[in-house]
Amino acid sequence: MTPKLTLVSHALCPYVQRAAIVLAEKKIAFERIDIDLANKPDWFLKISPLGKTPVLLVDGQPIFESAVICEYLEETTDNKLHPSAPLPRAQHRGWMEFGSATLNTIAGFYAAPDDMQLAAKVADLRAKFLQLEATLGAGPFFAGGHFSIVDAVFGPVFRYFDTFDTIEDFDFFAATPKVRAWRAALAARPSVRQAVREDNADLLRSFLLKRQSALSARMAAALL
């Protein structure tokens, strides 16, 4: 019997998005429940030891942490997204972690308290994309023509820049044509587009404006 899957999520969480993308790519039916992380319900704290989203409920049994959720789905379902050979599969898992590190740098970028630290995070992100540029092949996806979990990880990463690009031209991808093409291919992928609510861009802009950071100051100045 196919288990009932429920993805407990937060509207802006990129880690939720990667799980939703994997579920969509595998054509797995699931229910999605959004919670407010600023006002976490008691039932959520009982199933999420770290108090974070996503949590995947499998017939009511919780699995937490997005990478673990993706690996569980890969192990238990068809439409495999990881490479079949051990070495490239391990390498893909490493690049998934690189994606998480990139998300941490993005958080540092939008939370930077002053222009100097903002510029440092811009440089850090450019350096990360140069590392990716050296790894990518002909595309359109990370491993060529086959959509993988690494792609599911980076779809939400690149989505941030759709909003960042409307604030200021930081030239994040000026020196990385392969990354630019990969970003475009992921943006066009139905599973990536549908992993967020229709008002995601508005929610993100509102979130960024409230950060009291160097970036939010630039956003506020542009509104004057």
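Two strands count as a pair here if DSSP finds at least two bridges between them. Strands (E, at least two residues) and helices (H or I, at least four) are DSSP runs, numbered from the N terminus. What you see is a predicted model, where local features need pLDDT of at least 70, side-chain atom pairs count only at pLDDT 80 or more, and totals for chains, interfaces and linings use all residues. Residues are numbered from 1 along each chain as its sequence is written, and side-chain values use heavy atoms, with hydrogens and water left out.

**Stop 1: the sheet**

Select residues 5–9, strand S1, and then residues 31–34, strand S2: these two pair in the parallel sense over four bridges. Click leucine 7 and look across to S2, where its bridge partner is arginine 32.

Which residue of S3 stands opposite leucine 7? It's leucine 56. Threonine 6 has a bridge partner in S3 too, namely leucine 57.

**Stop 2**

Show the side chains of S3. Val55 and Leu57 point one way, Leu56 and Val58 point the other way, and all are buried (under 20% relative accessible area with a 1.4 Å probe, protein chains only; exposed is over 50%, partly exposed in between).

S3 and S4 pair in the antiparallel sense over four bridges, and valine 55 stands opposite phenylalanine 64 in S4. Two residues sit between the strands of this hairpin, and aspartate 59 takes a positive phi near 50°.

**Stop 3**

Select residues 14–25, helix H1: together with S1 and S2 it makes a β-α-β unit that is right-handed (with the strands pointing away from you, the path from the first strand over the helix to the second runs clockwise).

**Stop 2: the bent helix**

Jump to residues 149–167, helix H6. Where does H6 bend? The bend is about 25° at glycine 155, and proline 156 follows within four residues. (The bend is the angle between axes fitted to the seven residues ending there and the seven starting there.)

Finally, colour H6 by burial: 16 of its 19 residues are buried, so this helix is mostly covered.
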